[in-house]
Amino acid sequence: MSLLMFIIIMLVDKIESFAPISSISSSNHHNIMLMSQIDEHNQSISRRDIHMLNKNSEHNNNNIEIYDHQRYDIKHETMSRRDMLIKNVIFLSSISSITSARPHISFAKDKSIGSSSENPVAILGGGGKTGKEVAKALAGGGMYGISMTRSGKEVQLPKPTKEYVQCYPDPVDVREADSILKAMQNVHASAIVYTASASSKGGTAFEVDDDGVANAARVAESLGIRFVLVSALGIDRPESKGYQMTNTLGGNYNGIMDAKRQGEEKGRKEMTKSKNYIIIRPGPLISVKSKNGAADIELNQGDYIGGGISRDELAGVVIGALKTDKRGVTVEAYRKATRQKIQPQFEDRAGFVSDNGYDGLFDNVKSD
């Protein structure tokens, strides 16, 4: 115990009598199930909560309310002045070790989304190419995530990415809402990014791109967290050649555009109350990576204009969707250099561009 901490405890003890202080549990970086959670039985408290207490104590020296939507079972807990002071001293004495253990990061506008390993962004379909790019983009922006797959196998990610994005060790089947809910509750997910889609190895289009989307949206709504869906360009244009060709790929992909269209509709319906969703419709995925990031990208609405986009650019748009304050939005995303009308007879509609990063792309979009 430091001298400062000892002196404060002694001074406070002279004023009034208090209950024993609870112990502080250490983080287990190898077990996502135990990572800095409040223990309801011994009331141990994580570093993140100490920071919250320290901040709140400026406004209220007697009663501190710990509230983080459905993440902790302890609510409206009254805390003594002695407990509060001791926790603040512990926080101050440990701050140097915290800052040296983690690199400096730039948080999202909404501090609760991916701002720590205790409330990561969950990537459903994390083992796919798009899911991996989203993981890289999260890490690149200093945001924390967790990749989830149907098999539960470890997702191969670059070492720098692994500092921010972990792999969920158990299978998560989007065809079962309970499977999604259990995983989200276990990791205290702050948002869901849905990149899962039909594949030859398992899951038809109607199981994954339709019902799976509805399941994930339902879970996001029940937990009060953001839902970002990666869909497809041309969903509202079933008469277009692109829609019809893609819709008849056969096998597990058969009817995939119909499935995605129904999945979008069900997702919006599941989130009618909060509208805490953003649907991104990328054009054809191209292999040439971005040179200028968000400066090369344009968003549009109404399914009139589209074009190609690389996966790293798409991942950037996903990060922008997590950071923006907008809700209930559906957008088409493409590289400006490839923009074209989805059908020749369509009018040319101006899109949304940004000089202020990917989240700036959403500044002027309209809600559905």
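**Figure 1. Ser116 lies in a loop of this predicted model.** The loop that holds Ser116 runs between helix H3 (81–101) and strand E1. Ser116 has a relative accessible area of 7%, which is under the 20% limit, so Ser116 counts as buried. The side chain of Ser116 makes a polar contact of 2.9 Å with the side chain of Asn119. Gly142 is 26 residues away from Ser116 in sequence, and the two C-alpha atoms are 9.1 Å apart in space.

**Figure 2. Eight strands form an open sheet.** Read across the sheet, the order is E3-E2-E1-E4-E5-E6-E11-E8, and the pairing is mixed. Strand E3 (165–167) and strand E8 (297–300) are the edge strands, each pairing on one side only. From one strand to the next, the twist averages 25°. Strands of a sheet pair through backbone hydrogen bonds, in either a parallel or an antiparallel sense.

**Figure 3. Strands E1 and E2 pair in the parallel sense.** Strand E1 covers residues 121–124 and strand E2 covers residues 145–148. Four bridges join this pair. In one of the pairings, Val121 has Gly145 of E2 as its bridge partner.

**Figure 4. Helices H4 and H7 lie across strands of the sheet.** Helix H4 (residues 129–140) lies across E1, E2, E3 and strand E4 (191–194). The direction of H4 is at about 165° to E1. Helix H7 (residues 205–223) lies across E1, E4 and strand E5 (226–230). The direction of H7 is at about 175° to E4.

**Figure 5. The largest nonpolar core has 38 residues.** The members that touch the most other members are Val121, Leu138, Ile280, Leu299, Val317, Leu322 and Phe362. Two or more residues come from each of E1, H4, E4, E5, strand E6 (277–282), E8, helix H10 (311–323) and strand E11 (329–335). Helix H10 gives the most to this core, with seven residues. A second, separate core has 28 residues, among them Met148, Tyr168, Ile192 and Leu223.

**Figure 6. Ile280 and its contacts.**

How values were computed
Residues numbered from 1 in each chain as written. Predicted model: local features only at pLDDT ≥ 70, side-chain atom pairs only at ≥ 80, totals over all residues. Heavy atoms only, no water. Pairing = 2+ DSSP bridges. Axes fitted to C-alpha atoms, helices over the stretch in contact; angles between N-to-C directions. Contact = heavy atoms within 4.5 Å. Buried < 20%, exposed > 50% of the residue type's maximum accessible area, 1.4 Å probe, protein only. Polar contact = N/O pair within 3.5 Å; in protein donor to acceptor, adjacent residues only side chain to side chain. Core = buried A, V, L, I, M, F, W, Y, C linked by side-chain atoms within 4.5 Å. Lists of a residue's contacts leave out its neighbours within four places in sequence.
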